[in-house]
Amino acid sequence: MTKSMPQLLDVAALTVDLPEYNLLRGQVGTIVELLADGAAFEVEFSDTNGQTYESVGLRPEQIMVLHFEPTSPNFVPEMVTA
């Protein structure tokens, strides 16, 4: 599967725990700023009322972009072999 670079306003989930920020792997936030020419991302975490409770600069390996729709009806992911 091709991995695209995260973009501004992408929804992303944490792939690691960040106990110093009281954030756990799997928590979902929104990329609100591209840092260091796209080498890092400011991710904002909000509650169900839309109030931000944390905003953290993260590296690409600390997040996974979430996709809500298929890229195209004919999209076939590449097989990954280990």
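Colleague: Leaving aside neighbours within four places in sequence, which residues is Gln62 in contact with?

Modeller: Gln62 is in contact with Ala13, Leu14, Thr15, Val16 and Leu18, where contact means heavy atoms within 4.5 Å. Please note that this is a predicted model, in which local features need pLDDT of at least 70 and side-chain atom pairs count only at pLDDT 80 or more, while totals for chains, interfaces and linings use all residues. Residues are numbered from 1 along each chain as its sequence is written, and side-chain values use heavy atoms, with hydrogens and water left out.

Colleague: Where is Gln62 found, and is this residue buried or exposed?

Modeller: Gln62 is in the loop between β4 and β5; strands here are DSSP runs of E with at least two residues, numbered from the N terminus. Its relative accessible area is 10%, so Gln62 is buried (buried means under 20% relative accessible area, exposed over 50%, partly exposed in between, with a 1.4 Å probe and protein chains only).

Colleague: What does the side chain of Gln62 reach?

Modeller: That side chain comes to 2.8 Å from the backbone nitrogen of Arg59.

Colleague: And which residue does Arg59 form a salt bridge with?

Modeller: The partner is Glu61, with the closest N and O atoms 2.6 Å apart. A salt bridge is a side-chain nitrogen of Lys or Arg within 4 Å of a carboxyl oxygen of Asp or Glu. The structure holds one such bridge. Side chains of opposite charge can pair when their charged atoms come close. Arg59 itself is partly exposed, at a relative accessible area of 45%.

Colleague: Changing topic, how many helices and strands are in the chain?

Modeller: The chain has zero helices and five strands. The five strands form an open sheet with antiparallel pairing, in the order β4-β3-β2-β1-β5; two strands pair if DSSP finds at least two bridges between them. At the edges are β4 (52–58) and β5 (63–65), each of which pairs on one side only. From one strand to the next, the twist averages 40°, an angle between the N-to-C directions of lines fitted to C-alpha atoms, on a scale from 0 to 180 degrees.

Colleague: How many bridges join β2 to β3?

Modeller: Five bridges join β2 (residues 28–35) to β3 (residues 40–46), and these strands run antiparallel. Ile31 stands opposite Val43 in β3.

Colleague: What else does Ile31 touch?

Modeller: Not counting residues up to four places away in sequence, Ile31 touches Pro6, Gln7, Leu8, Leu9, Asp10, Phe41, Glu42, Val43 and Ile63.

Colleague: Which residues make up the largest nonpolar core?

Modeller: There are eleven residues in all, among them Ile31, Phe41, Val43, Phe45 and Ile63. A nonpolar core is a set of buried Ala, Val, Leu, Ile, Met, Phe, Trp, Tyr and Cys residues joined through side-chain atoms within 4.5 Å. At least two residues of this core come from each of β1 (11–14), β3 and β4, and β3 gives the largest share, three residues.

Colleague: What about Leu35, where does that residue lie?

Modeller: Leu35 lies in strand β2 and is partly exposed, with a relative accessible area of 23%. Leu35 and Gly57 are 22 residues apart in sequence, and their C-alpha atoms are 7.9 Å apart in space. Beyond neighbours within four places in sequence, Leu35 is in contact with Ala40, Phe41, Glu42 and Gly57.

Colleague: Finally, what percentage of the chain do buried residues make up?

Modeller: Buried residues account for 23% of the 82 residues in the chain.

Notes: Helices (H or I, at least four residues) and strands (E, at least two) are DSSP runs, numbered from the N terminus. A polar contact is a pair of N or O atoms within 3.5 Å; within protein, one must be able to donate a hydrogen and the other to accept it, and residues adjacent in sequence count only if both atoms are side-chain atoms.
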